[in-house]
Amino acid sequence: MAGSPPGRDLLGRAAAGDEAAFAELIVPHQRSVFRHCYRMLGSGADAEDASQDAMVRAWLGLHGYDGSGAFAGWLHRIATNVCLDVLRGRRTRLDPAAEGPPAAPGARFASAPGRLWVEPVSDADLAVSADPQDEVVRREEISLAFVAALQRLAPRQRAALLLHDVLGFSHAEVAEVLEVTPAAVNSLLSRARRTVRDKPWRPPADPSDERVRDLLDRYVRAWQLADIGTFVRLVADDVRFSMPPLTTWFEGRDAVAAFVEEAIFAAARPHGVPLRGGWCNGQPAFATYHPDAAGRLAASGLQILELGQRDGRPVISAIVSYRDADLPVRCGLPAVLG
């Protein structure tokens, strides 16, 4: 992994127990370690715990870093092993669209108690570089679809792909982290890429694109007015709509529109469904609000949008609508409006 070793004086003070020096060492790398743990684990809460564990291990094991290589690489090695420990014996986090075929309009909702789902994370928690040339790559590598695809990999395949293809570790470095041969790394990467990299990824949304901003403004109005006609014009022919923790999901404009109209918009008229926008996983995100027992508009869930193209213009190709009132707050959106 590219990077420079820290100064000998700073490293020496940290190794001698100077907590301020250690903080100076790790602060520039904390968000990168968090992103790596999030991609490994598919949950912001799990990633935060794993990141903290990695920093504790780094503090206790600082004597094992000889200063000859990138400090960031050493931290990511530790974080990878923390994540592999977490993943041992744990159920895989998935998304409903990977669980089975889409439902027919009018189908009964189904759930899977105890199942773990891939969860979004606020862009503020995933912040990396201010360089706009890095931004498109960053948004693709933290997209909800990419993180969900990673969760379908065996843990060592996931680690190999992230270390080599995302973080830039050499084959030899990956082999050392995973304690396998370089030939085994090639095998892990080959299998991982067939699952993840061979998928035709859509370019991530560009928040500075005026056409994207216009699309999102119209999407908000469609929900606020419960306007199914506008909603239909904004989505792709093959749009997907899923609702974790439910396993029921819909595919295709007609099926999705029928569900949204019958299950959401019809019941919401004349008031509609208020939304508040943000960005999670480099994608547009909207908190949904409904009246609570006190008559306030309280957060009820969080939508993550994936955008595609139709006739050269952006359209909504997927909506993941989380039925979790706590998730918008964890992603930096207000719990109550007004």
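## Overall size

With 338 residues, a compact globule would have a radius of gyration near 20 Å, and the protein chain comes in at 22 Å, which agrees. That radius is taken over C-alpha atoms, and the globule rule is 2.2 Å times the number of residues to the power 0.38. Along the principal axes, the C-alpha atoms fill a box of roughly 65 × 45 × 40 Å.

A word on what you're looking at: this is a predicted model, where local features need pLDDT of at least 70 and side-chain atom pairs count only at pLDDT 80 or more, while totals for chains, interfaces and linings use all residues. Residues are numbered from 1 along each chain as its sequence is written, and side-chain values use heavy atoms, with hydrogens and water left out.

## Fold and surface

The protein chain has 14 helices and seven strands; these are DSSP runs numbered from the N terminus, with helices being H or I of at least four residues and strands being E of at least two. Take the contacts (heavy atoms within 4.5 Å) in the protein chain with a separation of 6 or more: 66% of them come from residues 24 or more positions apart.

Of the 338 residues, 49% count as buried. Here buried means under 20% relative accessible area, exposed means over 50%, and partly exposed is in between, with a 1.4 Å probe and protein chains only.

## Charges and salt bridges

On the charge side, the protein chain carries 38 positive and 42 negative side chains, and the centres of the two sets lie 4 Å apart. Lys and Arg count as positive and Asp and Glu as negative, leaving out His and the chain ends; each charge is placed at NZ of Lys, CZ of Arg, CG of Asp or CD of Glu. The structure holds 18 salt bridges, each a side-chain nitrogen of Lys or Arg within 4 Å of a carboxyl oxygen of Asp or Glu.

One of them sits within helix 1 (residues 8-15), where Asp-9 and Arg-13 are four residues apart, about one turn of the helix. Their side chains meet at 3.2 Å, N to O. Asp-9 counts as exposed at 55% relative accessibility, and Arg-13 is partly exposed at 33%.

Another bridge pairs Arg-31 with Glu-48, with the closest N and O atoms 4.0 Å apart. This one links distant parts of the chain: Arg-31 is in helix 3 (residues 30-41) and Glu-48, 17 residues away, is in helix 4 (residues 44-60). Arg-31 is partly exposed at 29%, and so is Glu-48 at 30%.

Arg-93 and Asp-46 also form a bridge, at 3.2 Å from N to O. That pair is 47 residues apart, with Arg-93 in the loop between helix 5 (71-87) and helix 6 (132-141) and Asp-46 in helix 4. Arg-93 is buried, at 8% relative accessible area. Elsewhere, bridges that share partners join Asp-53, Arg-57, Asp-85 and Arg-88 into one network.

Gln-157 belongs to helix 8 (residues 155-166), and Ala-192 to helix 10 (residues 182-195). Their C-alpha atoms are separated by 5.5 Å, although the residues are 35 apart along the chain. Gln-157 counts as buried at 13% relative accessibility, and Ala-192 is buried at 0%.

Leaving aside residues up to four places away in sequence, Gln-157 touches Leu-188, Arg-191 and Ala-192. On the same terms, Ala-192 touches Leu-153, Gln-157, Leu-161 and Arg-197.
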